[in-house]
Amino acid sequence: MRSLSTASAPSGGTTIFTEMTALAHRTGAVNLGQGFPDTDGPPAMLEAARAAIAAGANQYPPLDGVPELRTAIATQRSLRYGTPYDPDTEIMVTTGATEALTAALLALCEPDDEVIVLEPYYDSYAAGVALARARLRTVPMRPDSTGRFRFDPADLSAAITPRSRLVLVNSPHNPTGTVLSLQELAAIADCCHRADLIAVTDEVYEYLTYDGVTHIPLASLPGMRDRTLTISSAGKTFSATGWKVGWVCGPARLIKAVRQVKQYLTFASGTAFQHAVALALRTQQHWVADLARQLQTRRNQLRASLTAAGLSPFACQGTYFLQADIRPLGLTDGFRFCRSLPGQVGVAAIPSAAFYRDPEAGLPFIRFAFCKRPEVLDEAARRLTSLRSTPCQEVE
Ligand SMILES: Cc1ncc(COP(=O)(O)O)c(C=O)c1O
């Protein structure tokens, strides 16, 4: 059997996300492990989905997605980032960003090709690379003196070999919350040009940035559009993670390659949801801007609670996530800490080591999701204060 073993799913077992959610249920813990919002997306979008179902949008959509959504994506990329795409040949709607990522890896990698990713990384990358029988090469991100995770461009250059095929870049970045700067993106672009690499970007948190930091797509850098597949989805932008409406934009030759794989993965999905997301992209930009403002406040709320509990939170410029270091509590093993936290304190988090190929590298870090209602974060804060008086024991 094919092994898709990753740090989060050791040797084919269930992922740490599943384990932590089950533990949160069993113990009645506030679940800040899983990254999905506990409130709905824009009412106009929800209504549009209901209307689309009532109007009969219930059969297969076209393989590339409904034209209305592809046009809305083209307009959004053009207006927001100045990167125009032809909705007929350069945009494909997918079953979430996950399908776009996996289809891109399957379409573009030959066995033993190397895929460069920043570590820590979202767990589906390693699985997608394994499915393609390619190899993962990691470039470490480490916290600087301000607590922002960053990579060293020299490490990126050193990761390139004659087998390098593509670089897979996630910004805003899960789990670190880093939003890559223009300078960092330029270093990646430079490597792509020098080694003739394709770039695949995961931009699912493109709208969720804070403190005036803005997201810059790699494809908007000089010369990058023609070698980049840009992936995003409606899940985080419109608080509709269960709809699984994603998309990939890029030059026609790369989109054509992805299409050939994607047609046999799902063919297509979510006709009514596609219509609703098209409406949201056209008319709900103000709703998303408000969501980002609210999330910034919640990040601040969670950061204050973690600090008060004696943990040391890192910087977070975007996404749903805030990482913290458990070493100030005198502890070092995030896996054991996260296994004991729900039972002892009543809060669930995820050990960041699940996002590393070498779990040792991220062992003292844990990840909390702040995409929850303020009262849920308040309750988590109240429970976390007990960490100060009775530090959590690490359990096996
Ligand atoms: C970095 C990253 N990429 C992709 C996804 C999955 O996106 P989708 O639900 O659109 O497949 C997630 C979900 O948590 C994510 O954090």
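This is a predicted model: local features need pLDDT of at least 70, side-chain atom pairs count only at pLDDT 80 or more; totals for chains, interfaces and linings use all residues.
**View 1. Strand β9 within the structure.** Val 245, Trp 247 and Cys 249 point one way from β9. Gly 246 and Val 248 point the other way, and all of these residues are buried.

**View 2. The partners of β9.** Strand β2, residues 91-95, pairs with β9 in the antiparallel sense over 5 bridges. Ile 91 stands opposite Cys 249 of β9, and Met 92 stands opposite Val 248. Strand β8, residues 228-233, also runs antiparallel to β9, and 4 bridges join the two.

**View 3. The open sheet of 8 strands.** The strands of this sheet follow the order β2-β9-β8-β7-β6-β3-β4-β5, with mixed pairing. Strands β2 and β5 (149-151) stand at the edges; each has a single partner strand, so one side of each is left without a neighbour in the sheet. On average, and with direction ignored, neighbouring strands are turned by 25° against each other. Helix α9, residues 252-265, packs on this sheet and touches β2, β7 (198-202), β8 and β9. The direction of α9 makes about 30° with that of β2.

**View 4. The residues around the ligand.** There are 14 residues around the ligand, and Gly 96, Ala 97, Thr 98, Tyr 122 and Ser 233 come nearest. Helix α4, residues 96-108, gives the most to this shell, with 3 residues. By type, the shell divides into 3 nonpolar, 9 polar and 2 charged residues.

**View 5. Helices α11 and α13.** Two packed helices are described by the angle between their axes and the distance between the axes. The axes of α11 (residues 285-308) and α13 (residues 374-384) come within 9 Å and cross at roughly 10°. The two helices are therefore roughly parallel to each other. On the α11 side, the contact is made by Arg 298, Gln 301, Leu 302, Ser 305 and Leu 306. These meet Pro 374, Leu 377, Ala 380, Ala 381 and Leu 384 in α13. The residues of the contact divide into 7 nonpolar, 2 polar and 1 charged.

**View 6. Ser 305 in helix α11.** Ser 305 has its place in α11. Is Ser 305 buried or exposed? Ser 305 has 24 C-beta neighbours inside 10 Å, and so counts as buried, the cut-off being 20 or more. Not counting residues up to four places away in sequence, Ser 305 touches Ala 380, Ala 381 and Leu 384. Asp 378 lies 73 residues from Ser 305 along the chain, yet their C-alpha atoms are separated by 8.5 Å.

**View 7. The open sheet of 4 strands.** The order here is β10-β11-β14-β13, and the pairing is antiparallel. Strands β10 (312-313) and β13 (350-351) form the edges, each pairing on one side only. Strand β11, residues 321-325, and strand β14, residues 365-369, run antiparallel and are joined by 5 bridges. Gln 323 has Arg 367 in β14 as its bridge partner. Helix α11 packs on this sheet, touching β10, β11 and β14. The direction of α11 makes about 15° with that of β11.

Technical notes: Residues are numbered from 1 along each chain as its sequence is written. A residue is buried if 20 or more other C-beta atoms lie within 10 Å of its own, exposed if 12 or fewer, and partly exposed in between; C-beta atoms are placed from the backbone. Two strands pair if DSSP finds at least two bridges between them. A residue is near a molecule or strand if its C-beta atom, placed from the backbone, lies within 6 Å of it. Ala, Val, Leu, Ile, Met, Phe, Trp, Tyr, Cys and Pro count as nonpolar, Asp, Glu, Lys and Arg as charged, and the others, Gly among them, as polar. Axes are lines fitted to C-alpha atoms, for helices over the stretch in contact, and angles run from 0 to 180 degrees between N-to-C directions. Angles under 35 degrees count as roughly parallel, over 145 as roughly antiparallel, 65 to 115 as roughly perpendicular and the rest as oblique. Two residues are in contact if their C-beta atoms, placed from the backbone, lie within 7 Å.
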